[in-house]
There are 2 protein chains.
Amino acid sequence: MSRLDSFIRRLTAQRACLDRAAEIIRDLDGPVLELGLGNGRTYDHLRSILPDREIFVFERKVAAHPDCIPDDAHLISGDLAETLPRAAERIPAPAALAHADIGSGDAEATARNAARVAAALPVLLAPGAVVAADQPLDDPRLRPIDLPEGVAPGRYHLYLRVEVPE
Amino acid sequence: MSRLDSFIRRLTAQRACLDRAAEIIRDLDGPVLELGLGNGRTYDHLRSILPDREIFVFERKVAAHPDCIPDDAHLISGDLAETLPRAAERIPAPAALAHADIGSGDAEATARNAARVAAALPVLLAPGAVVAADQPLDDPRLRPIDLPEGVAPGRYHLYLRVEVPE
Ligand SMILES: C[S@@+](CC[C@H](N)C(=O)[O-])C[C@H]1O[C@@H](n2cnc3c(N)ncnc32)[C@H](O)[C@@H]1O
Ligand code: NI
Ligand code: NI
């Protein structure tokens with residue numbers, strides 16, 4: 001399996017998970033959260049499969065294709081460590097879908113990001129919301145759900161936002 | 001069609017063309033030329049499908065994953081405008097396969113690259129060699145050949161090195 005093979009497999013898994021998430025939340029109101037804009041490919045995919053949803057994008061350093069940058073009202077600039085805990089001020093309603101593509105070559109920073117997202121994302125989500133993520137997110141409010149066919153366990157991640165008794 | 005969709009489609013077409021090229025040259029001796037290392041994904045793919053071939057890589061500015069950088073003897077550093085015309089000094093035999101992934105966001109630079117490759121690559125190739133390219137290469141010594149199934153015309157390019165009467 002070459003790096004080209006595994007890259008194609010990863011992108012295909014990512015797309016399948018986004019498509020599945022969009023299907024599941026069809027009847028659930030709420031905006032979409034994109035954590036990590038990158039070059040804007042998944043942002044563009046989300047707006048193409050969910051044309052009627054507001055999408056809020058979290059990014060530290062915007063470097064996307066010019067066509068794939070949200071307007072200022074939908075761009076939450078800064079480090080997730082700062083922006084996620086205060087994001088409820090910016091987002092008008094509990095979100096129906098969140099996508100977190102937050103990994104990088106730096107394993108420590110990636111793990112820190114994942115821990116932060118697992119801790120601070122759930123309060124921004126409506127019950128029944130779906131989270132797609134490149135990293136495993138470990139929190140009792142996020143219950144792992146089945147991956148689309150063809151996506152091997154661990155290659156991408158899907159969670160349902162559930163209520164947990166205190 | 002989102003940018004994620006078209007990116008996956010492009011990578012899939014690229015891989016199909018490399019696999020097809022490798023098949024066609026199975027019985028033709030000669031090294032492989034990779035024009036443009038980038039992050040090294042297609043270099044890694046070429047060495048995985050053609051493990052017994054020498055691969056020479058042309059690159060101006062190496063920025064690939066450390067695992068995907070050739071040794072000094074197989075790295076031809078510098079601008080294609082300088083290195084291609086003198087490459088015969090470095091390459092021990094006519095090449096059996098060349099891959100040119102030379103496009104960038106800059107349309108003018110891309111067209112210049114393609115023109116240079118079309119002019120200077122054919123002399124480095126054995127008759128019957130195959131060229132896979134992200135750009136159309138316009139030269140009588142490069143005859144377009146059928147693309148693999150599922151690859152729409154223009155999405156990627158395949159050529160056979162042919163002899164032309166003077
Ligand atoms: C892998 S890329 C996302 C790629 C994107 N999904 C796409 O398809 O183009 C990750 C992005 O997350 C951003 N990022 C990573 N850690 C961050 C953090 N702690 N705070 C804010 N942004 C972060 C990076 O700047 C980068 O743009
Ligand atoms: Ni554009
Ligand atoms: Ni490595």
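User: In this predicted model, which residue of chain A forms a salt bridge with B:Arg3?

Analyst: A salt bridge here requires a side-chain nitrogen of Lys or Arg within 4 Å of a carboxyl oxygen of Asp or Glu. The closest N and O atoms of the pair that includes B:Arg3 are 3.2 Å apart, and across the interface of chain A and chain B the rule finds four salt bridges. The partner of B:Arg3 in this salt bridge is A:Asp67.

User: Which element gives the most residues to the side of chain A that touches chain B?

Analyst: Two elements of chain A give two or more residues to that side, namely α1 (3-24) and α2 (41-49). With 10 residues, the element that gives the most is α1(A).

User: How much area do chain A and chain B bury between them?

Analyst: The contact involves 19 residues of chain A and 19 residues of chain B. In chain A, the residues that lose the most area to chain B are A:Arg3, A:Leu4 and A:Arg41, which together account for 37% of what that side buries. Of the area that the two chains bury between them, 64% is on carbon and sulfur atoms, and the total is about 1800 Å².

User: What kind of axis relates the two copies?

Analyst: Chain A can be laid on chain B with an RMSD of 0.0 Å by a turn of 180 degrees, with a shift of 0.0 Å along the axis. The two copies are therefore related as by a two-fold rotation axis.

User: Which residue of chain A comes closest to the rotation axis?

Analyst: The copies meet through the same surface, because 100% of the interface residues of chain A are also interface residues in chain B. At 3.2 Å, taken at the C-alpha, the residue of chain A that comes closest to the rotation axis is A:Ile8.

Note on methods: Residues numbered from 1 in each chain as written. Chains lettered and ligands numbered in written order. Predicted model: local features only at pLDDT ≥ 70, side-chain atom pairs only at ≥ 80, totals over all residues. Heavy atoms only, no water. Contact = heavy atoms within 4.5 Å. Buried area = accessible area lost by both parts, 1.4 Å probe. Helix = DSSP H or I, 4+ residues; strand = E, 2+ residues; numbered from the N terminus. Least-squares fit on C-alpha atoms with pLDDT ≥ 70 in both.
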